[in-house]
Amino acid sequence: MKRISVYLVLVISVIRADAINVNPTVLNFGNVLMGNAPSISFNVTFDLEQIVTITAPDHFEVDITEISASEGLSQDIVVTFSPPSIGTYSSYVT
């Protein structure tokens, strides 16, 4: 059986006015074997009351797509990647 590796870097980009803090700002999935769908999480902390919509690019999924945030709320968001083919992928979650 032949194994195929995929290297993937996911960069998280949020419009940053100090009201939204993201940690970490870069997710690196490393080498991903075809057929696997690894998940990594990042944390968002809100300094203002706001509604935030989270949009994932093609081949990625997030477990939360909208947050009704209050001041001081901290939320973990899980990003799952399902590679469609061999290659290097770099994308933004907005």
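A polar contact is a pair of N or O atoms within 3.5 Å; within protein, one atom must be able to donate a hydrogen and the other to accept it, and residues adjacent in sequence count only if both atoms are side-chain atoms. In the predicted model described here, local features need pLDDT of at least 70 and side-chain atom pairs count only at pLDDT 80 or more, whereas totals for chains, interfaces and linings use all residues. Residues are numbered from 1 along each chain as its sequence is written, and side-chain values use heavy atoms, with hydrogens and water left out.

## Overall composition and confidence

The chain contains nine strands and zero helices; helices (H or I, at least four residues) and strands (E, at least two) are DSSP runs, numbered from the N terminus. Of the 94 residues in the chain, 33% are buried. Here buried stands for under 20% relative accessible area, exposed for over 50%, and partly exposed for values in between, with a 1.4 Å probe and protein chains only. The chain exposes about 5,700 Å², of which carbon and sulfur atoms supply 49%; such areas come from the Shrake-Rupley method with a 1.4 Å probe, and for residues only the protein chains shown count as cover.

Contacts are heavy atoms within 4.5 Å. Among contacts in the chain with a separation of 6 or more, 59% are between residues 24 or more positions apart.

Confidence is expressed as pLDDT, the predictor's confidence in each residue, from 0 to 100. The chain has a mean pLDDT of 81, and 81% of its residues reach 70 or more. Strand β8 has the highest confidence, at 95, and strand β1 (residues 5–12) the lowest, at a mean of 40. Over residues 1–16 the pLDDT is below 50, although this stretch has 64 contacts in the model beyond near neighbours in sequence. Where pLDDT is low, the predicted coordinates should not be read in detail.

## The four-stranded sheet

Strands of a sheet pair through backbone hydrogen bonds, either parallel or antiparallel. Two strands are taken as paired if DSSP finds at least two bridges between them. An open sheet is formed by four strands in the order β2-β4-β8-β6, with antiparallel pairing. Because β2 (20–23) and β6 stand at the edges, each with a single partner strand, one side of each is left without a neighbour in the sheet. Neighbouring strands of this sheet are turned against each other by 25 degrees on average, direction ignored; axes are lines fitted to C-alpha atoms, for helices over the stretch in contact, and angles run from 0 to 180 degrees between N-to-C directions.

| Strand pair | Bridges | Bridge partners |
|---|---|---|
| β2 and β4 | four | I20 and F46 |
| β4 (residues 39–46) and β8 (residues 74–81) | seven | I40 and V79 |
| β6 (residues 60–62) and β8 | three | E61 and T80 |
| β5 and β7 | four | I51 and S68 |

N43 lies in strand β4 and counts as buried because its relative accessibility is 19%. The side chains of N43 and D76 are joined by a polar contact of 2.8 Å. Leaving aside residues up to four places away in sequence, N43 touches N21, V22, N23, S74, Q75 and D76.

## Strands β5 and β7

Strands β5 and β7 run antiparallel. In a regular strand the side chains alternate between the two faces of the sheet. Strand β7 (residues 66–69) has a covered face, formed by I67 and A69, and an uncovered face, formed by E66 and S68.

Q50 is placed in strand β5. A polar atom of the Q50 side chain lies 3.4 Å from the backbone oxygen of A19, and the backbone oxygen of L48 lies 3.3 Å from a polar atom of that side chain. Beyond residues up to four places away in sequence, Q50 touches A19, I20, I67, S68 and A69. The C-alpha atoms of Q50 and E71 are separated by 8.2 Å, with the two residues 21 apart along the chain.

## The loop between β5 and β6

P57 is situated in the loop between β5 (50–53) and β6. Not counting residues up to four places away in sequence, P57 touches S91, Y92 and V93. The C-alpha atoms of P57 and V93 are 6.4 Å apart, although these residues are separated by 36 residues along the chain.
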